[in-house]
Amino acid sequence: MPDLSTALRRIEAHCLPLENARSLEVYGCPSAVNRLLVLNAEHQPGRGTVLLLRETVGF
């Protein structure tokens, strides 16, 4: 996406309806945009790593 506001609009307009349909089919309840991760800058390219886990880690 060219900028953050466009990306956020795409999440609401494109991604959420798809996920909502999946959630209704699988769980019987609607979905919502509850958590977003925004990385604003990286001082050393390649240094940051994002892990998406399907289990609770830590507390």
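Asp 3 is partly exposed, with a relative accessible area of 38%; by definition, buried residues have under 20% relative accessible area, exposed residues over 50%, and partly exposed residues lie in between (1.4 Å probe, protein chains only). The structure is a predicted model, in which local features need pLDDT of at least 70 and side-chain atom pairs count only at pLDDT 80 or more, whereas totals for chains, interfaces and linings use all residues. Residues are numbered from 1 along each chain as its sequence is written, and side-chain values use heavy atoms, with hydrogens and water left out.

Asp 3 belongs to the segment before H1. Helices are DSSP runs (H or I, at least four residues), as strands are (E, at least two), and both are numbered from the N terminus. Between Asp 3 and Pro 45 there are 42 residues in sequence and 19 Å in space, C-alpha to C-alpha.

Helix H1 comprises residues 4–27. Although H1 has 24 residues, its end C-alpha atoms are only 30 Å apart, short of the 34 Å that a straight helix would reach at 1.5 Å a residue; the expected span is 1.5 Å times one less than the number of residues. A kink of about 40° is located at Cys 15 in H1, shortly before the proline Pro 17. The bend at a residue is the angle between axes fitted to the seven residues ending there and the seven starting there. Just after H1, Gly 28 adopts a positive phi of about 80°.

By the distance criterion, one salt bridge is counted; this term denotes a side-chain nitrogen of Lys or Arg within 4 Å of a carboxyl oxygen of Asp or Glu. The pair consists of Arg 22 and Glu 19, whose closest N and O atoms are 2.8 Å apart. Arg 22 and Glu 19 are three residues apart in helix H1, and therefore about one helical turn separates them. An α-helix has 3.6 residues a turn, so residues three or four places apart point the same way. Arg 22 is partly exposed at a relative accessible area of 38%, and Glu 19 is partly exposed at 29% relative accessibility.

The structure contains zero disulfides, a disulfide being a pair of cysteine sulfur atoms within 2.5 Å. Cys 15 takes part in no disulfide, and the nearest cysteine sulfur, that of Cys 29, is 19 Å away. Cys 15 is partly exposed, with a relative accessible area of 38%, and Cys 29 is likewise partly exposed, with a value of 38%.

Leu 4, Leu 8, Leu 36 and Val 38 make a nonpolar surface patch of about 330 Å². Patches are made of residues with over 30% relative accessible area and no salt bridge, like charges being joined within 9 Å and nonpolar side chains (Val, Leu, Ile, Met, Phe, Trp, Tyr) within 5 Å; accessible areas come from the Shrake-Rupley method with a 1.4 Å probe, and for residues only the protein chains shown count as cover. Leu 8, found in helix H1, is partly exposed, with a relative accessible area of 34%.

Val 33 lies in the segment after H1 and counts as partly exposed at 29% relative accessibility. Val 33 and Asn 20 are 13 residues apart in sequence, and their C-alpha atoms are 9.8 Å apart in space.
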